[in-house]
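Open the model in your viewer and keep the selection tool at hand. The tour goes stop by stop.

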Amino acid sequence: MKNMLRTLVRIVAAGALLVSAETVAQQPITLHGAVQFNDGHAFNRALEKFQELTAKYYGKPINFVLHKNSELGLEKDYFAFMNQGISVDYGIVSPAHMSTFSKAAPFIDAPFLFRDLDHWNKVLDADTLKPIADEVNAKGDVMLIGFAGGGTRNIFANKPVRNLAEMKGLKVRVQGAPIWSKTFAAIGMSPTVIAYDEIYNAIQNGVISAGENEAAGVEAMKFYEVGPALNMTQHAITIRPICFSGKTFKKLPPDLQAAILKAGKEAGIYGRQLESGDDSKKLDAMEAAGRLKKIPFADRAQMKKLADPVMADYAKEIGADAIYSKINSM
């Protein structure tokens with residue numbers, strides 16, 4: 001009798017464990033994303049599109065938590081978290097924050113790399129940046145699953161800058177990637193690396209006189225309040241990869257992995273169309289509201305001429321000369 005009771009207890013316990021395991025297995029997967037901006041920003045909307053498409057292609061219950069407004073830090077933090085496989089599973093990150101794992105990564109976002117928006121789109125559509133994405137994945141364990149961006153970057157300052165003579169010695173904030181300091185110094189400016197969230201105060205306190213950004217960033221961070229002169233240098237077109245943690249990806253079921261890869265590519269295209277289409281509209285709206293004034297810049301061609309040799313030398317230095325040549329040939 002005692003043996004029978006013990007057997008029954010074991011059966012019931014085993015059944016309970018099985019039910020428990022099945023219940024756990026049926027729980028929807030939850031993925032965490034991060035972005036520095038608020039709901040209306042193109043990066044947020046691109047990530048929301050990624051979530052929507054992933055859910056659609058996966059076809060099973062899945063939860064997404066998108067942490068907005070720098071709740072989990074800045075883009076450099078998101079990349080570090082994805083590399084470690086903690087806190088953040090997906091996000092949009094500037095290539096400047098990938099340089100630890102790929103010296104060539106920041107180069108894809110460098111000044112004067114693209115002739116215009118058509119050239120920029122052609123480069124991305126041709127999968128030209130795949131070697132860099134492969135290197136970031138191999139060394140940083142972060143996957144570049146799509147390419148968003150598309151804003152044209154100009155210099156906002158507390159004074160008008162109409163030509164190279166007025167640009168000389170301009171104290172301007174640049175991203176941490178060396179190519180930005182090198183090119184801006186060659187053009188005659190005085191570049192300074194400052195954290196993105198410190199730009200506003202740095203201009204306000206006279207540490208610098210200017211920064212550079214696309215329309216969405218100028219609007220979201222209210223840079224027009226301290227730098228109302230938007231000097232139309234059009235020196236770069238942003239590339240902002242949609243990233244996914246390799247450590248997270250490896251733990252996911254194959255059908256969800258496939259959905260993420262498909263959704264990432266499509267969300268990147270959506271983000272590019274969104275930001276490039278909104279760019280001039282945002283600038284016009286801010287100017288109409290009296291928030292900033294667009295200042296024509298007369299010496300863009302000369303600015304590029306001064307930057308080109310630096311770009312060529314740097315591309316060779318970091319082993320990106322083949323990609324640079326391919327981009328220039330398109």
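Is tyrosine 90 buried or exposed? Select tyrosine 90: its relative accessible area is 0%, so it is buried. Buried means under 20% relative accessible area, exposed over 50%, and partly exposed in between, with a 1.4 Å probe and protein chains only.

Before moving on, note that this is a predicted model, where local features need pLDDT of at least 70, side-chain atom pairs count only at pLDDT 80 or more, and totals for chains, interfaces and linings use all residues. Residues are numbered from 1 along each chain as its sequence is written, and side-chain values use heavy atoms, with hydrogens and water left out.

**Whole chain**

Zoom out. The C-alpha atoms fill a box of roughly 100 × 45 × 30 Å along the principal axes. The protein has 13 helices and nine strands. These are DSSP runs numbered from the N terminus: helices are H or I with at least four residues, strands E with at least two. Of the 330 residues, 49% are buried.

Colour by pLDDT, the predictor's confidence in each residue, from 0 to 100. The average is 91, and 92% of the residues score at least 70. Now select residues 1-24. Their pLDDT stays under 50, and the model gives them zero contacts beyond four places in sequence. A contact means heavy atoms within 4.5 Å.

**Aromatic pairs**

The structure holds twelve aromatic pairs. Rings of Phe, Tyr and Trp (its six-membered ring) pair if their centres lie within 6.5 Å; planes under 30 degrees apart count as stacked, over 60 as edge-to-face and the rest as tilted.

Phenylalanine 64 is partly exposed, at 21% relative accessible area.

Threonine 248 is in helix 10 (residues 246-251). At 10% relative accessibility, threonine 248 counts as buried. Beyond its neighbours within four places in sequence, threonine 248 contacts Leu31 and Asp89.

Then pick Phe37, Phe43, Phe156, Tyr196 and Phe223, which form one aromatic cluster.

**Charges over rings**

A charge sits over a ring if NZ of Lys or CZ of Arg is within 6 Å of the ring centre and within 35 degrees of the ring normal. Show lysine 262: its charged end sits over the ring of tyrosine 57, 4.2 Å from the centre. Arginine 272 lies over the face of tryptophan 120, at 5.6 Å from the ring centre.

**Pocket**

A pocket is an open set of points on a 1 Å grid over the protein atoms alone, with protein on both sides within 12 Å along at least five of seven lines; lining residues have an atom within 4 Å of a point. The largest pocket holds about 510 Å³ of space. Grid points are joined across faces, edges and corners, and a volume is the space filled by probe spheres set on the points.

Which residues lie nearest the centre of the largest pocket? Select Asp127, Leu144, Ile145, Phe147 and Lys265, among 18 lining residues. Strand 4 (142-157) supplies the largest share of the lining, five residues.

Note on methods: 1 Å grid on protein atoms, 1.4 Å probe; cavity = no way out; pocket = protein on both sides within 12 Å on 5 of 7 lines; lining within 4 Å.
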